[in-house]
Amino acid sequence: MQNQDYGRRNFLKQSALTGLAISLNPLESIATNAESGELTEYQTSVPWYSRVTRWGQINITEKDPPQYDISWWRKFWKQTQTEGVIINAGGIVAYYPTQIPLHRKAQYLQGRDLFGELCRAAHEDGLVVFARMDSNRAHEEFYQAHPDWFTQDANGKPYKAADLYITCVNGPYYQEHIPAILTEISRMYKPEGFTDNSWAGLGRDSICYCENCKKSFRDKTAQNIPLKKNWDDKVYKQWIRWNYDRRLELWDLNNRTTKTAGGVHCIWSGMNSGSVNGQSRSFRDYKEISRRADIIMLDHQSRSDEGGFQNNGEIGKLIHGLLGWEKLIPESMAMYQAHKPWFRLASKPIAEARMWMINGIAGGIQPWWHMVAAYHEDRRMYHSPGAVLNWHKANEGVLLNRKPVANIGVVWSQENTDFYGRDNAAELVELPWRGMTQALIRGRIPYLPVHADHIERDAAQFSVLILPNLAVMTNDQVAAIRRFVDKGGSLVATGDTSLFDEMGDPRSDFALADLFGAHLITPRTSKQITPVEKMAGEAYHTYMRLTPELRAQIMGPHTATEPLAVGQRHPILKGFEETDILPYGGLLEPLRTDSDVEVLMTYIPQFPTYPPEKSYMREAKTDIPGLIFKSTGNGGHVVFIPADIDRQFGRSYLPDHGNLLTNIVRWASKNDLPLNVKGAGLVDCHLYQQPGKLILHIVNLTSASTWRQPLDELIAIGPLKVEVKLPTSVTGRRLRTLVSNQKIAANIVNGYSQFEIKSILDHEIIIIT
Ligand SMILES: [Zn+2]
């Protein structure tokens with residue numbers, strides 16, 4: 001690089017550095033006095049993957065080697081308080097002078113050792129380096145040399161992605177070639193660790209029939225690889241499991257390789273998705289990976305319209321539930337316009353980038369700015385990470401090493417996505433989950449995702465467990481739920497919960513039927529696992545009748561003058577006194593109920609919406625239950641909701657459904673929640689504790705909720721009235737905020753600290769001591 005000069009280099013330097021000095025947020029400015037690269041005692045005693053909390057990445061394009069201005073980027077690292085960098089090293093192409101046969105050098109590398117220069121620069125500046133690989137594909141000359149190292153379809157034709165050939169996880173490419181590259185890079189440059197963009201190989205939608213796959217599958221299962229996808233075929237399900245096992249073998253192989261070459265802390269940590277469905281489709285077993293991983297490199301770059309910013313807070317908590325709260329989860333956060341639509345080289349609006357980062361931090365994620373290419377004509381993206389990372393540095397004492405506070409657990413498993421969700425996991429698994437958790441966020445009720453295998457381990461902190469359409473359950477998971485209820489816990493379950501065994505085969509009745517007080521009348525067959533009509537993209541014109549009715553309209557001639565109260569309603573239906581029906585949207589089958597339950601809603605079947613002359617209930621009342629509750633006798637409650645209110649809320653976002661779900665959860669918790677927040681706006685609340693203090697992080701999603709992405713303007717909300725339940729170690733009288741930097745007065749009432757937050761623009765953290 002030193003010998004090369006490019007005409008636009010000075011322009012790049014000038015214009016971008018000018019931009020760096022300006023912060024768009026008046027509350028925070030980018031620090032310019034980053035510390036020296038010397039290691040403190042803490043840094044040398046704690047492994048790098050446990051202490052480096054701010055990451056950055058330029059994803060190097062093949063065009064970049066001549067234009068990569070390292071000295072400029074070193075300043076950027078410093079000004080953004082970046083402590084670790086992810087640098088492209090090898091895989092599809094090498095950014096260094098590799099000696100490995102067929103490891104192709106980047107097209108415009110021209111003899112430059114770009115990876116080596118960057119790695120040295122980072123080390124000189126006190127930064128750690130994750131060498132980035134991409135094992136997934138290679139060029140034609142490699143394929144021609146070793147066609148048997150690549151994936152093949154049933155006709156022997158190679159699977160391709162554009163003009164690259166997809167490598168096979170069961171062949172020597174993964175078993176020998178990638179380990180050779182890892183070893184070479186480790187010996188030449190001593191990066192602290194390795195990560196990989198798409199290490200998991202061919203996804204679930206394609207089946208590889210190469211000789212290596214055929215042999216391995218036969219050796220392990222004595223079967224031939226199935227000829228096509230068939231979720232009712234036992235061998236196909238074996239193929240799924242076999243694929244998962246191979247990815248875990250690769251995880252272990254790569255870690256053995258890098259630790260042998262680079263020492264005990266030279267870990268390999270392939271990237272993982274922020275979507276469980278995404279993990280399923282690429283055979284990445286989150287629970288098992290988290291058991292092995294020292295750090296999760298999360299590739300979840302931006303908001304989806306469905307998930308919102310709050311999805312980033314949730315995925316942080318979900319992964320920490322598997323990984324433990326002491327380990328770190330840096331997340332690649334796109335500074336370019338990512339996802340719907342993609343513009344790799346255009347800056348994402350700063351507010352959009354910022355809110356995704358903030359909501360991730362609220363869920364225990366560490367920021368990792370991500371840009372594609374080392375040279376940008378759209379320099380606005382350089383403004384996005386600095387303010388957030390500088391704020392992160394100033395406040396990381398309360399952002400790390402903390403435990404979440406929540407007494408509501410929402411249970412999930414990847415097997416439910418695999419073997420119940422199958423090819424329709426978005427409708428069958430994700431929508432009910434999202435509807436339930438969005439209702440909790442909307443109701444400002446703190447919750448934690450709980451893996452179904454960890455119910456026993458985590459149950460003590462929860463008073464309510466929610467099973468949102470957790471259809472696939474193992475016998476052990478069912479037994480853990482029973483023990484939770486035996487000990488006085490309350491249960492909320494919806495839809496097909498516990499109806500399928502661990503391989504997705506239907507049981508003759510809900511495994512939890514006795515707890516639900518409800519039984520199947522017509523058993524499911526496997527082919528009915530995903531009845532098409534249940535997954536309608538649009539809502540059906542169906543309703544729920546609240547029982548008992550508060551007016552007697554349907555019993556006889558309508559009497560408008562005299563409302564007839566025919567019964568007292570259960571508190572779950574509070575707020576619906578002015579209606580006897582609620583919109584529903586799904587379909588329901590009859591169930592047989594036990595005598596000790598109360599049915600609070602019944603189903604009203606569909607009738608025409610059009611023309612109005614025909615739009616009247618054909619069957620105004622049925623005994624098909626939509627919502628069933630019973631008391632357990634151990635002090636807890638069970639609410640079983642055969643109606644998929646959670647899925648309906650996830651899809652249509654009707655306030656009635658959200659209010660009903662939060663009513664249910666509040667009632668199941670006996671109104672004993674650690675946090676209550678009143679005031680207008682959609683806010684995502686995360687509560688944590690450290691010794692002697694509570695940490696409340698509130699993210700203002702109000703602006704984002706009013707229309708679709710991307711967000712380009714922040715709108716303040718407030719005041720919010722807050723009460724936080726105090727543990728004995730916290731007096732709750734001293735409060736300070738970490739964004740507006742103020743002290744707040746509090747009253748202590750019935751064990752709660754009560755206070756008011758005047759205004760929140762994007763987010764606020766309140767420290768309660
Ligand atoms: Zn193969």
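Colleague: Which residues of helix α4 are buried?

Modeller: Buried means under 20% relative accessible area, exposed over 50%, and partly exposed in between, with a 1.4 Å probe and protein chains only. Helices are DSSP runs of H or I with at least four residues, strands are runs of E with at least two, and both are numbered from the N terminus. In α4, which spans residues 70-79, Ile70, Trp72, Trp73, Phe76, Trp77 and Gln79 are buried. Just beyond α4, glutamine 81 has a positive phi of about 60°.

The model is predicted, so local features need pLDDT of at least 70 and side-chain atom pairs pLDDT 80 or more, whereas totals for chains, interfaces and linings use all residues. Residues are numbered from 1 along each chain as its sequence is written, and side-chain values use heavy atoms, leaving out hydrogens and water.

Colleague: Which residues coordinate the zinc ion?

Modeller: Donors are N, O and S atoms within 2.8 Å of the metal (3.2 Å for Na, K and Ca); water is not among the atoms, so sites may look incomplete. Here the SG atoms of Cys168, Cys208, Cys210 and Cys213 coordinate the zinc ion at 2.2 to 2.3 Å. Their spacing in sequence is C-x39-C-x1-C-x2-C. Cysteine 208 is buried, at a relative accessible area of 7%, and cysteine 213 is buried at 3%.

Colleague: What is the geometry of the zinc site?

Modeller: Four donors count as tetrahedral if all angles lie between 85 and 135 degrees. The ideal angle for four tetrahedral donors is 109.5 degrees. At the zinc ion, the angles among the 4 donor atoms are 97 to 122°, and the site is tetrahedral.

Colleague: At what angle do helices α7 and α9 pack?

Modeller: Axes are lines fitted to C-alpha atoms, for helices over the stretch in contact, and angles run from 0 to 180 degrees between N-to-C directions. Helix α7 (residues 172-189) packs against helix α9 (residues 234-262) at about 30°, with axes 9 Å apart. Angles under 35 degrees count as roughly parallel, and α7 and α9 are therefore roughly parallel to each other. Contact means heavy atoms within 4.5 Å; the residues in contact include Tyr174 and Ile178 of α7 and Leu250 and Leu253 of α9.

Colleague: Where does glycine 91 lie?

Modeller: Glycine 91 is in the loop between β2 (84-90) and α5 (114-124). It is buried, with a relative accessible area of 4%. Not counting residues up to four places away in sequence, glycine 91 touches His103, Met133, Asp134 and Tyr173.

How values were computed:
Four donors count as tetrahedral if all angles lie between 85 and 135 degrees; four count as square planar and six as octahedral if opposite donors are over 155 degrees apart and all others between 65 and 115; anything else is irregular. Angles under 35 degrees count as roughly parallel, over 145 as roughly antiparallel, 65 to 115 as roughly perpendicular and the rest as oblique.
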